[in-house]
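The following questions and answers work through one structural model. Please consult the sequence and the coordinates before reading on.

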Number of protein chains: 2
Amino acid sequence: MFYLDNAATTPVLSAVLEKSLPYLNEHFGNPSSLHHLGVGAARAVKTAREALANMFHLSKENVIFCSSGTEANHLALWGIAHSSRLKGNHIIASSIEHPSVLRTLEALQTRDYHTSLIRVLPTGVIDIAHLETLISEETRLVSCMAVNNEIGTKQPLEEIGTMLKKKYPHIIFHVDAVQAFTKIPLLMKSGKIDLLSISGHKIGAPKGIAALIFADNISFSPVILGGGQEHGMRSGTENVFGIVALAEAAFLKEQKRESVFESLIHYKQQWLEFLSSECAQIEVFHSPAVLPYFLSVAFPPIPAEVFLHHLEAEGIYVSSGSACSSKKTQISHVSQAIGMSPYIAKSMIRLSFSAKNSLEDQHDMFRRFSKAVGQLKELI
Amino acid sequence: MFYLDNAATTPVLSAVLEKSLPYLNEHFGNPSSLHHLGVGAARAVKTAREALANMFHLSKENVIFCSSGTEANHLALWGIAHSSRLKGNHIIASSIEHPSVLRTLEALQTRDYHTSLIRVLPTGVIDIAHLETLISEETRLVSCMAVNNEIGTKQPLEEIGTMLKKKYPHIIFHVDAVQAFTKIPLLMKSGKIDLLSISGHKIGAPKGIAALIFADNISFSPVILGGGQEHGMRSGTENVFGIVALAEAAFLKEQKRESVFESLIHYKQQWLEFLSSECAQIEVFHSPAVLPYFLSVAFPPIPAEVFLHHLEAEGIYVSSGSACSSKKTQISHVSQAIGMSPYIAKSMIRLSFSAKNSLEDQHDMFRRFSKAVGQLKELI
């Protein structure tokens, strides 16, 4: 099996499982319990929270664990919108955000907020000049993802954050870093980032765990209320297993961030050379902003689903656009926003790599890829 | 170790772990992915959803998975309050609900709703006559837990549901069944229950997974928006591992529900005989409504935390009131609501049993319990 769908989800790393599994049975206490089973669980949560906070040069009070990147994004947007200590009734996001941001924006629009979408250039990078025309004294929040989940383009966070805070220091800057976390450095302070969402299952931790990280002096409203866990900002018994796993996966991935990045530059280069030499009909989405972790290719007019299933028959697993919207058949909002021709967009598949993808496998994989493409040629 | 804190949390059952663990690595697909790793994960979620729905004689569309009982309660209350298809701006809950219900009620009160709390009798059972005086054409929702988490009293759900629907058929009836699920039968149809919350970690599944079950024709608004998972009612990548585990734990526990209930009647009886014969100073909270799974005892004026830690030194793990609020030192809202004297309430600890607690262990446990009580006597 050649798994090239790491942007959709990843298997749990065995080292992560080893560290977190005891919290399901042996150390199963409820962190709120006063006896030592509870205290042990609470300590494990505290250690994980500190480790994650340290990665962002923040303290443990700046980390809120929740259940998914979607929930983290929702909590950031909804929480900032409902904070009584902030001003402005205007919220901005880029037009290539994840549906969890876009749908929350739409919901806020029906509740006394007006919203704007930032235009995105054909390179897949947001148009900062357009953002500059959108912001005003009335703007409360700007949300922009660090790396796009469909096309893998990195956004100029430092440039955006610096511009925002220079023009309107009161504007809150939220970054959905679900795809970016442990792939690129995420410098909250120099990027002037106020809130940052990350998710476990994209980095070798389980599904069902995520976090919202926030800078000092950021005030927002909780969504889920109850027993007051997570500093009162997100109630519900803590998913101790997931929390321990998230911190461990983050630590392991971050340790190897630079070396994996370097090796994938070479790995992707091999892909590009293979495609240009042996699969001339394949269209590649080229942009200097695309991370080496991502490769978007199309074989028009073959629909993406057909391409995907022919590759699957050869043991190669990829995605048609974003997995989150892949069961819908329309052209994705991302391809529309960057002005990709619908003819190409309908055929576009996403290859997303991880440290597990190696140059040694490429010879066999390319042979299988060529075979699938050969079969598809007969369909045209 | 004698673990008598099963109402706080439970270890994951080994059969549950065996069934669910492969979804963390071997079958790690994202249910939204189109290739067979995704399809396999989606199928596992579907099977779990059907199994859970079947337990309530409903179809799989009536089950929404989420991350905690707290989230399920919040989704029920917030979602019903924000449904445009329902009438009324009055919401009612019992005064002994979990904080996730009470805090959400308070939040709704600041947003165009008025709210009422149902009085509770000294037996720990809600005062239905009082509820009858509270409801009106304006009432949108009544929320009442099936079994109280602090004192273990069972509420007369069928009587409440029948009365509500007879007087005002439009009123929505929500039941927090987090403590009741797999302990007592939960008949949604005959109890006229519209929405029901359950949680995994109380029944031998992991923390971080729960569900909201709802009857046909119930319409409520989602809270977390995004990729449209869970029939669009709760977005975010599905916690496949947790979902499979929840369904399996529910199946296993429900299978043994009656036999465990019967055996705990005898088990608790032994406790009561032991306490009355050998620990005369111990006060027991007596009510016919208390399930055999629960036993609340106090050794006034010894504070609950001191009692708890002396028992812990003997290897007996209990809780001081509800684990969710056990880090707060005030008298719990439940003991206040049932009119328990503060003198007793400050000393009250909760023993909560499971199928793992056996008569064979009692001899040794009672000896240790007596030893702890003997030490406490010297403190008075």
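Q: How far is the sulfur of Cys66(A) from the closest cysteine sulfur?
A: The model is a predicted one, and a disulfide requires two cysteine sulfur atoms within 2.5 Å. The closest cysteine sulfur to that of Cys66(A) belongs to Cys66(B), and the separation is too far for a bond. The distance is 13 Å.

Q: How many disulfides does a search of the whole structure find?
A: A disulfide is a covalent bond between the sulfur atoms of two cysteines. The search covers all chains, and the sulfur of Cys66(A) is too far from its closest partner for such a bond. The number of disulfides found is zero.

Q: Is Cys279(A) buried or exposed?
A: The cut-off for a buried residue is under 20% relative accessible area. Cys66(A), at 3% relative accessibility, falls in that class. Cys279(A) has a relative accessibility of 1%, so Cys279(A) is buried.

Q: What area is buried between chain A and chain B?
A: Carbon and sulfur atoms give 63% of this area. On the side of chain A, Phe28(A), Leu34(A) and Lys207(A) supply 14% of what that chain buries against chain B, more than any other three residues. The area buried between the two chains is about 5200 Å².

Q: Which residues of chain A are in contact with His35(B), leaving aside its neighbours within four places in sequence?
A: His35(B) is located in the loop between α1 (14-20) and α2 (36-55) of chain B. With a relative accessible area of 1%, His35(B) is buried. Its contacts are Tyr3(A), Asp5(A), Leu308(A), Glu312(A), Tyr317(A) and Val318(A).

Q: Is the aromatic pair of Phe274(A) and Phe369(A) stacked or edge-to-face?
A: The structure contains 27 aromatic pairs over all chains. For Phe274(A) and Phe369(A), the centres are 5.8 Å apart and the planes stand at 80°, where over 60 degrees is the criterion for edge-to-face. The pair is edge-to-face.

Q: How many residues apart are Phe274(A) and Phe369(A)?
A: Both residues are buried. Phe274(A) belongs to helix α8 (residues 257-278) of chain A and Phe369(A) to helix α12 (residues 359-377) of chain A. The pair thus links distant parts of the chain, 95 residues apart.

Q: How are the rings of Phe274(B) and Phe366(B) arranged, stacked or edge-to-face?
A: Phe274(B) and Phe366(B) are both buried. Their ring centres are 4.1 Å apart and their planes lie at 5°, so the pair is stacked.

Q: Which ring does the charged end of Lys183(A) sit over?
A: A charge sits over a ring only if its distance from the ring centre is within 6 Å. The charged end of Lys183(A) is 5.3 Å from the centre of the ring. The ring is that of Tyr293(A).

Conventions
Residues are numbered from 1 along each chain as its sequence is written. Chains are lettered from A and ligands numbered from 1 in the order in which they are written. This is a predicted model: local features need pLDDT of at least 70, side-chain atom pairs count only at pLDDT 80 or more; totals for chains, interfaces and linings use all residues. Side-chain values use heavy atoms; hydrogens and water are left out. Rings of Phe, Tyr and Trp (its six-membered ring) pair if their centres lie within 6.5 Å; planes under 30 degrees apart count as stacked, over 60 as edge-to-face and the rest as tilted. Helices (H or I, at least four residues) and strands (E, at least two) are DSSP runs, numbered from the N terminus. Buried means under 20% relative accessible area, exposed over 50%, partly exposed in between (1.4 Å probe, protein chains only). A charge sits over a ring if NZ of Lys or CZ of Arg is within 6 Å of the ring centre and within 35 degrees of the ring normal. Buried area is the accessible area (1.4 Å probe) that two parts lose on being put together, summed over both. Contact means heavy atoms within 4.5 Å.
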